[in-house]
Amino acid sequence: MQKKITIAIDGYSSCGKSTLAKALAKELEYIFIDSGAMYRGVTLYCLRNGLLPEGIPAVAPIEATLEHIDLDFKFNPETKQADLYLNGENVEELIRMPEVAAHVSKIAALKNVRHKLVLDQRKMGMNGGIVMDGRDIGSVVFPTAELKLFITALPEIRAQRRYKELKEKKVETSFEEVLENLRERDYLDSTRTESPLVQTPDAIVIDTSDLTPEEQLRIALNYAIEKTQNA
Ligand code: CDP
């Protein structure tokens with residue numbers, strides 16, 4: 001039997017990481033984990049429980065409440081995708097709302113939040129056969145992953161894609177608002193002290209600006225097959 005490898009996909013906001021990770025996992029019959037959904041889940045919890053007064057994280061109360069935040073993925077047979085559950089409630093749609101996007105990078109910068117989620121993520125990937133996307137997957141969560149991909153695309157193209165996605169979901173927003181949020185998150189994610197977004201030297205860079213989802217899948221799949229054969 002062929003060895004099941006670990007695939008880490010990192011990159012900036014809305015560059016096609018999740019689309020690629022999902023498609024790759026489907027082709028390889030691997031587990032797909034959207035680590036960003038977990039940071040979004042914690043952010044939703046904070047917003048609902050008054051832990052982001054005036055948009056500023058109440059660090060000590062957040063850390064004290066972390067043990068009460070239970071995050072889980074469950075397969076949704078309708079969409080054929082895994083939905084995020086926060087303390088037993090399906091929050092897959094809620095975590096994609098602009099209000100969560102506006103605050104998530106501040107929550108993701110907190111040391112103990114990262115500590116908790118990284119432990120959970122490592123458990124999920126314990127046996128290989130996983131594709132996980134995020135910001136610190138190749139650098140911190142799975143530094144020994146057999147395949148690391150770093151995905152990029154031009155900011156305007158990324159904003160256009162995310163705007164289209166939100167429009168399709170009938171979420172009230174504007175292109176300018178989406179672009180601004182994307183720029184702000186990229187800045188916060190790359191400059192924070194705790195596990196900033198970095199391109200590790202062993203990561204393969206894929207610029208998806210001019211690629212269709214099918215083209216980016218083909219490229220990534222070729223690397224995955226090569227790594228699986230050498231594993
Ligand atoms: O889908 P998009 O790329 O816009 O974002 P996401 O993957 O849903 O992640 C939302 C936010 O969570 C990011 O902007 C980061 O601030 C944070 N995040 C992180 O810090 N580390 C990860 N492994 C994944 C996400």
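A pocket, on a 1 Å grid over the protein atoms alone, is an open set of points with protein on both sides within 12 Å along at least five of seven lines. Grid points are joined across faces, edges and corners, and a volume is the space filled by probe spheres set on the points.

Quick background. This is a predicted model, where local features need pLDDT of at least 70, side-chain atom pairs count only at pLDDT 80 or more, and totals for chains, interfaces and linings use all residues. Residues are numbered from 1 along each chain as its sequence is written, and side-chain values use heavy atoms, with hydrogens and water left out.

Start with the second largest pocket. Its volume is about 290 Å³. Lining residues have an atom within 4 Å of a point. There are 13 of them here, and K22, F32, K80, Q81 and A82 are the closest to the centre. Which elements give two or more residues to this lining? They are helix 1 (17-28), strand 2 (31-34) and strand 4 (81-86). Helices (H or I, at least four residues) and strands (E, at least two) are DSSP runs, numbered from the N terminus. Helix 1 has the largest share, five residues. By class, the lining has seven nonpolar, three polar and three charged residues. Ala, Val, Leu, Ile, Met, Phe, Trp, Tyr, Cys and Pro count as nonpolar; Asp, Glu, Lys and Arg as charged; the others, Gly among them, as polar.

Now the ligand. It is surrounded by 19 residues, the closest being R40, S105, R114, D136 and D189. The cut-off is a heavy atom within 4 Å. Next, polar contacts, meaning pairs of N or O atoms within 3.5 Å. S105 places a polar side-chain atom 2.8 Å from a ligand oxygen atom. How much of the ligand's accessible area does the protein cover? It covers 98% of the 530 Å² that the ligand has on its own, by the Shrake-Rupley method with a 1.4 Å probe. Helix 2 (35-48), helix 4 (98-107) and helix 8 (175-191) each give two or more residues to the shell. Helix 2 has the largest share, four residues. The shell divides into four nonpolar, six polar and nine charged residues.

On to the cavity. Here a 1.4 Å probe fits but cannot get out. One cavity of 30 Å³ or more turns up in the whole structure. The largest cavity has a volume of about 40 Å³. Its lining includes D10, K148, F150 and Q199. Helix 6 (137-141) and strand 7 give two or more residues to that lining, and strand 7 gives the most, three.

Last, the rings. Rings of Phe, Tyr and Trp (its six-membered ring) pair if their centres lie within 6.5 Å; planes under 30 degrees apart count as stacked, over 60 as edge-to-face, the rest as tilted. The structure has two aromatic pairs. In one of them, the centres of Y12 and F150 are 6.1 Å apart and the planes are at 85°, so the pair is edge-to-face. Y12 sits in the loop between strand 1 (6-11) and helix 1, and F150 in strand 7 (residues 147-152), so the pair ties together parts 138 residues apart in sequence.

Conventions. Polar contact = N/O pair within 3.5 Å; in protein donor to acceptor, adjacent residues only side chain to side chain.
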